[in-house]
Amino acid sequence: MNHSGGVEVIKDKNGIEEVVLKNSRGASLRVSLYGGQVLSWRTDRGEELLFTSSKAIFKPPKAIRGGIPICFPQFGNRGTLEQHGFARNKLWVIDNNSPPLPPNDSNGKAYVDLLLKPSDEDLKIWPHRFEFRLRVSLAADGNLALISRIRNINCKPYSFSFAYHSYFSISDISEVRVEGLETLDYLDNLCQKERFTEQGDALTFENEVDRVYLSCSNIVAVFDHERKRTFIIRKEGLPDIVVWNPWEKKSKSMVDFGDEEYKQMLCVDGAAIEKPITLKPGEEWTGRLELSVVLSS
């Protein structure tokens with residue numbers, strides 16, 4: 001843990017540890033050891049940038065609806081495991097002996113390193129040994145960064161899919177557009193994962209959207225006209241982008257999601273889904289996500 005800014009460990013009402021990171025300007029991040037999940041990202045003015053449902057269930061083994069859940073080793077229902085895999089439903093530990101990252105990932109940042117290893121129970125449902133190291137950091141400029149390093153400590157290769165399932169807080173879904181996905185192919189989860197090509201200039205929302213955009217550029221932007229702010233999503237090692245909004249009908253079917261909350265959220269995830277990551281024994285994969293917010297006048 002680094003103290004360029006502040007790092008504090010607190011407990012939630014169920015006794016699960018959370019790490020609070022603060023920078024010198026007063027921006028903050030809160031990450032739960034349950035799922036290694038970022039639950040809050042606030043600007044130096046105290047504005048919350050991530051969406052969490054008012055009906056979210058904060059009691060294991062339920063996944064928490066909001067923030068940035070980590071989908072590993074499976075995204076969605078693309079495999080035999082539970083929806084989005086098991087990493088978001090496990091207790092992680094603070095890793096004080098994490099192998100070093102480049103200086104740019106540490107200098108001037110408040111950060112915490114977390115570690116997940118499979119339990120015997122996990123190995124029964126997914127028989128592959130791994131070390132999953134996650135760095136969560138908050139920079140002096142308020143940017144949030146997530147760096148995942150997953151190492152194969154098996155004696156044979158295996159594959160997995162992955163996503164940072166980021167719930168952005170927005171003014172109103174009808175006021176938002178996503179740029180950076182123009183002309184790309186996508187798999188539409190509402191049409192049996194059929195492949196289509198994006199036709200529009202920018203993606204806007206009039207109904208349910210559940211898509212995996214393929215071979216995306218490493219920068220995607222979410223413009224919120226009403227709040228006059230733009231989220232910039234930068235990614236490395238994550239070729240795909242998931243875009244999801246459940247809209248009205250699906251919202252009503254989710255117990256941990258308010259009927260009207262689809263208007264206040266949009267998920268845009270850096271992901272590796274279409275072509276799973278394959279690791280040979282001893283090999284390590286790194287996937288990075290950096291989120292920043294730009295205010296426009």
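1. Two strands are said to pair if DSSP finds at least two bridges between them. In this predicted model, strand E13 (residues 176-179) and strand E17 (residues 219-224) are joined by four bridges and run antiparallel. Within this pairing, Asp224 of E17 is the residue that stands opposite Val176.

2. Strand E17 also pairs with strand E18 (residues 229-236), in the antiparallel sense and over six bridges. Here Phe223 has Thr230 of E18 opposite to it. E17 and E18 form a hairpin with four residues between the strands, and in this hairpin Lys228 takes a positive phi near 55°.

3. Four strands in the order E2-E3-E4-E5 make up an open sheet with antiparallel pairing. Its edges are strand E2 (6-11) and strand E5 (37-42); each has a single partner strand, so one side of each lacks a neighbour in the sheet. On average, and with direction ignored, neighbouring strands of this sheet are turned by 20° against each other. Strand E4 (residues 28-32) runs antiparallel to E5 and is joined to it by five bridges.

4. Turning to charged side chains, the structure contains 21 salt bridges. One of them is formed by Glu121 and Lys90, whose closest N and O atoms are 4.0 Å apart. This pair links distant parts of the chain, with Glu121 in helix H1 (residues 120-125) and Lys90 in the loop between strand E6 (70-71) and strand E7 (93-94), 31 residues apart. The two partners may be contrasted in accessibility: Glu121 counts as exposed at 57% relative accessibility, whereas Lys90 is buried, with a relative accessible area of 18%.

5. Lys90 forms a salt bridge with Asp122 as well, and in this case the closest N and O atoms are 2.9 Å apart. Again distant parts of the chain are linked: Lys90 lies in the loop between E6 and E7, and Asp122 lies in helix H1, 32 residues apart. Both Lys90 and Asp122 are buried.

6. Another salt bridge connects the side chains of Glu131 and Arg133, at 2.9 Å from N to O. Glu131 and Arg133 are both buried. Through salt bridges that share partners, Asp95, Lys117, Glu131 and Arg133 are joined into one network.

7. Apart from its neighbours within four places in sequence, Asp210 is in contact with Leu187, Asp188, Asn189, Leu190, Val243 and Trp244.

8. How many disulfides does the structure hold? The count is zero. For Cys267, the closest cysteine sulfur is that of Cys71, which at 9.0 Å is too far for a bond. Cys267 counts as buried, at 0% relative accessibility. Cys155, by contrast, counts as exposed, at 73% relative accessibility.

Notes. Residues are numbered from 1 along each chain as its sequence is written. This is a predicted model: local features need pLDDT of at least 70, side-chain atom pairs count only at pLDDT 80 or more; totals for chains, interfaces and linings use all residues. Side-chain values use heavy atoms; hydrogens and water are left out. Contact means heavy atoms within 4.5 Å. Helices (H or I, at least four residues) and strands (E, at least two) are DSSP runs, numbered from the N terminus. Buried means under 20% relative accessible area, exposed over 50%, partly exposed in between (1.4 Å probe, protein chains only). A disulfide is a pair of cysteine sulfur atoms within 2.5 Å. Axes are lines fitted to C-alpha atoms, for helices over the stretch in contact, and angles run from 0 to 180 degrees between N-to-C directions.
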